[in-house]
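Please open the structure in a viewer and keep the sequence at hand.

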Amino acid sequence: MLSACGDGSKQFTTEGLIAPPIHCLTDPRILGEAEKLDPIDEGNGCQVPNPWKMYSVAGVQFSQPATLNCSVTQPLHDWMSGTVQPAAEQAFGSQVTGITVAASYSCRARNNKRGAKMSEHGFGNAIDISSFTLADGRKITVKQGWRGEGDEREFLRQIRQDACGEFMTVLGPGSDRYHGDHFHLDLASRRSGKAYCK
């Protein structure tokens, strides 16, 4: 059973959360540059039984290594190769070569709000992406591009919408005040089995 963070003051709750699957179907080293890590268990609910440090996926380099639960790596690869790259080719005539990783594994409450439920980041079950770098050096940021040039707006809206086919939660500009500068993608296990894309 998951428990609440116990440092005398309740940082977050894990009530109702469902831990992600331990196993995944594909070895992440096939999907990109990856390193197997020892299991993570902070003893307060934050746990990643099968963590991997990802440096790239589908040929796209990460600005910093992302620590992710194994099950996240395949959907991230499929979204990057099947959605992001075709959309970049269509909008810019160029491939995406890098992304800025704003967050991956982090033992914290949702939106860093004390007393909220633990974030899916605490399971290594989420990644936040704040920008995309093209082969020609152009950088498309979520914050500026969402209301920026027409090609940037079209690209960002398409890849966000299509992320709902791979992930269970997709958040970004307009979702709330916490996601105006990045896309949050996670595989939250909900009893309803429904995705939340807003």
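Begin by selecting Asn125, which at 0% relative accessibility counts as buried; buried means under 20% relative accessible area, exposed over 50%, and partly exposed in between, with a 1.4 Å probe and protein chains only. The model is a predicted one, in which local features need pLDDT of at least 70 and side-chain atom pairs count only at pLDDT 80 or more, while totals for chains, interfaces and linings use all residues. Residues are numbered from 1 along each chain as its sequence is written, and side-chain values use heavy atoms, with hydrogens and water left out.

Asn125 belongs to the loop between strand 6 and strand 7. Helices (H or I, at least four residues) and strands (E, at least two) are DSSP runs, numbered from the N terminus. Display the contacts of Asn125, contact meaning heavy atoms within 4.5 Å. Leaving aside neighbours within four places in sequence, the partners of Asn125 include Asn69, Ser71, Val72, Leu185, Asp186 and Leu187.

**Leu187**

From Asn125, proceed to its partner Leu187, in the loop between strand 10 and strand 11 (196–197). Leu187 is buried, with a relative accessible area of 16%. Not counting residues up to four places away in sequence, Leu187 touches Ser71, Val72, Pro75, Asn125, Glu166, Phe167 and Met168. For Met168, the C-alpha distance to Leu187 is 4.8 Å, although the two are 19 residues apart along the chain.

**Helix 2**

Next, select helix 2, which has 23 residues. From its first C-alpha to its last, helix 2 reaches 31 Å, close to the 33 Å expected at 1.5 Å a residue; the expected span is 1.5 Å times one less than the number of residues. At Met80, helix 2 bends by about 35°, the bend at a residue being the angle between axes fitted to the seven residues ending there and the seven starting there. Just after helix 2, Gly93 takes a positive phi of about 65°.

Cys70 lies in helix 2 and is buried, with a relative accessible area of 2%. The C-alpha atoms of Cys70 and Met54 are 9.8 Å apart. Thr73, also in helix 2, counts as buried at 1% relative accessibility. Among the contacts of Thr73 are Pro28 and Met54.

**The nonpolar cores**

Which residues have the most contacts inside the largest nonpolar core? They are Trp79, Phe132 and Phe155, in a core of 38 residues. A nonpolar core is a set of buried Ala, Val, Leu, Ile, Met, Phe, Trp, Tyr and Cys residues joined through side-chain atoms within 4.5 Å. The elements that give two or more residues to this core are strand 4 (51–57), strand 5 (60–69), helix 2 (70–92), strand 6 (96–103), strand 7 (126–134), helix 4 (150–163) and strand 10 (183–186). Helix 2 gives the most, with 10 residues. Apart from this core lies another, of nine residues, among them Phe12, Cys46, Ala109 and Met118.

**Loop residues**

Select Ala58, in the loop between strand 4 and strand 5. Ala58 has a phi near 55°, a positive value in a residue other than glycine, and counts as partly exposed at 24% relative accessibility. In the loop between strand 6 and strand 7, Asn111 likewise has a positive phi, near 55°, and is partly exposed, with a relative accessible area of 27%. Ser119, in the loop between strand 6 and strand 7, is buried, with a relative accessible area of 4%.

**The largest pocket**

Finally, select Arg110, Thr169, Leu171, His184 and Asp186, which lie nearest the centre of the largest pocket among the 24 residues that line it. A pocket is an open set of points on a 1 Å grid over the protein atoms alone where a 1.4 Å probe fits, with protein on both sides within 12 Å along at least five of seven lines; lining residues have an atom within 4 Å of a point. Strand 9 (169–171) and strand 10 each give two or more residues to the lining.
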